[in-house]
Amino acid sequence: MPKPIVLIAEELSPATVDALGTDFDIRDVDGTDRPALLAALATAHAVLIRSATHIDAEAIAAAPHLKVVARAGVGLDNVDIAAATTAGVMVVNAPTSNIISAAELTIGHILSLARHIPAAHASLAAGEWKRSKFTGVELYEKRVGIIGLGRIGALIAARLQAFGVEIVAYDPYVTEARALQIGATLVPLDELLSTSDFVTIHMPKTPETTGMIGAAELKSMKKTAFVINVARGGLIDEAALAAALRDGEIAGAGIDVFTSEPPTDDLLTSAPNIVVTPHLGASTDEAQERAGVSVAKSVRLALDGELVPDAVNVAGGVIDPVVRPGIPLMEHLGQLFAGLADAPLQSIDVEVRGEIAELEVGVLRLAALKGVFSQAVTETVSYVNAPLLAEQRGITVRLVTDPVAEDYRNVLSIRGTATDGTRLSVSGTLAGTKQAEKITEINGYDLEVPMARHLVVMEYTDRPGIVAIYSKALGDAAINIAGMQMARRGRGADQLSVLTLDSAVPDELLAGIQRDVDASVLRQVEIVDL
């Protein structure tokens, strides 16, 4: 039998090739040479890339034998994940390869800002000797605010403790117990911003977090405070940051990531009191080697048909065909479940009831956790690291199976408790020959609603005229209601309405609807990859 062909499209460490071993036909190609890449992909079973090679729909279409795309790094902006998934191609990366490097770069930015190291170097290199100009501040007994206590945030907290600082943190998905374990005290975001001497942000880039540090947030900070971003470009509003630095609203900033890379203007690079680096978070020899070895191991697993730890789009491994359709449903239920939560989660029960409960359904537990965390953490969430993310946050997770389902052939559910005592639940099933995803229950209300990308869930006291209120408000805003279902616990009691919409609802409009219908609960949830 011929060996599977593994294509290396960019320069990787020798350790990467060693980790692949001798079981493959390893070939090299310049991934930036498009014709050469497409020609080489025609026979490839796997391709290893970094950031310069683009594996888009055209490239995937040119690779009929391709089983896995491996990105030796964290970001996947240069891989068309949707096209790969449609073609049955696994996409893997190395989500933990750069966490130490990114944490250390953050510390470097903090020290550079505190002691004016880059500016002092430039001054001395220019022949000046201006010691008094570069008087800095100590870190000792300063307050450092960490926005996002994922793996990188936790590593930064551990390293900062040696400086004798006070660490506060904001992360809506971390429990107080977990934060204290890390050495941080959880506080509201506004308190963190207004009281910290250094603020470093480590959140995923989502519609909710983009621009989360804007003009108002910067104005609320101390004039002596510094802000650092080595996570994702756009988390800090660049125009607002430039204005804050120019007007002296904060003391300085350390920026490694930009909305456009390389930056298309000098808005930040020419701002005063700023230290900028060209996206160096993963740029260490150790991180690059770690990434290459990690994805090489994943490629071996993928080509052997085994479960892949860092697969971002499929579970891999041997999964019963009867169970497989439940994977996307459980992920979508996980996103809905997370979208309904107000406080950090304390426990999660993943329940599988019906005929499939007799089969191996462990992958559905992973799918549920992947859905819960997919929009909540900086790290790329995979089927294997999702349980670790739960463990890091002190969340207890159980898988419950029962071969009996009362109303449907099979029912998948996620139930849990938040740290404030709130209990949440969502359930769903696959209906008909097309295995259409349907929501069958939310927080004890029985429903039958098709899964949709844009969902609005509201709970209010049942009374005449309520539907007319929110229907008119959405209609006036040209937002089409694709579907609607209501469930109630009795006449005049609480009622749950679930709307499926053709587009998202602006926050201001949602707030107005909640006020007008006096809703005790109103949540908008976007189900991605639907």
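Because the model is predicted, local features were considered at pLDDT of at least 70 and side-chain atom pairs at pLDDT 80 or more, while totals for chains, interfaces and linings use all residues. Residues are numbered from 1 along each chain as its sequence is written, and side-chain values use heavy atoms, with hydrogens and water left out.

Two packed helices are described by the angle between their axes and the distance between the axes. Helix α13 (residues 326-340) and helix α14 (residues 362-373) have axes that come within 7 Å and cross at roughly 35°; helices (H or I, at least four residues) and strands (E, at least two) are DSSP runs, numbered from the N terminus, and axes are lines fitted to C-alpha atoms, for helices over the stretch in contact, with angles running from 0 to 180 degrees between N-to-C directions. On the α13 side, the residues that meet α14 are Gly326, Ile327, Met330, Glu331, Gly334, Gln335, Phe337 and Ala338, and their partners in α14 are Val363, Leu364, Ala367, Ala368, Lys370, Gly371 and Val372, where contact means heavy atoms within 4.5 Å. By class, the residues of this contact comprise 9 nonpolar, 4 polar and 2 charged, with Ala, Val, Leu, Ile, Met, Phe, Trp, Tyr, Cys and Pro counted as nonpolar, Asp, Glu, Lys and Arg as charged, and the others, Gly among them, as polar.

Gln335, which is located in α13, is buried, with a relative accessible area of 7%; buried means under 20% relative accessible area, exposed over 50%, and partly exposed in between (1.4 Å probe, protein chains only). Beyond residues up to four places away in sequence, Gln335 touches Gly371, Val372, Ser374, Val525, Glu526, Ile527 and Val528.

Arg393, in the loop between α15 (385-392) and β14 (396-402), counts as buried because its relative accessibility is 3%. When neighbours within four places in sequence are left aside, Arg393 is in contact with Gly150, Tyr173, Val174, Thr175, Arg178, Phe373 and Val377. Helix α7 (residues 151-160) is largely enclosed by the rest of the structure, because 8 of its 10 residues are buried. Ala59, in helix α3 (residues 57-61), is likewise buried, at 0% relative accessibility, and touches Arg34, Leu38, Leu41 and His54, not counting residues up to four places away in sequence.

A search of the whole structure finds 2 cavities of 30 Å³ or more, a cavity being a set of points, on a 1 Å grid over the protein atoms alone, where a 1.4 Å probe fits but cannot get out. The second largest cavity has a volume of about 40 Å³, a volume being the space filled by probe spheres set on the points, which are joined across faces, edges and corners. Its lining residues (those with an atom within 4 Å of a point) are Asn229, Gly234, Ile236, Glu238, Leu241, Ile255, Val257 and Leu268.

Most residues other than glycine have a negative phi, and most peptide bonds are trans. A cis peptide bond, with omega about -5°, joins Glu261 and Pro262, and Pro262 is found in the loop between β11 (252-255) and β12 (274-276). His279 has a positive phi near 55° and is partly exposed, with a relative accessible area of 39%, whereas Ala478, with a positive phi of about 60°, is exposed at 70%.

Terms used:
1 Å grid on protein atoms, 1.4 Å probe; cavity = no way out; pocket = protein on both sides within 12 Å on 5 of 7 lines; lining within 4 Å.
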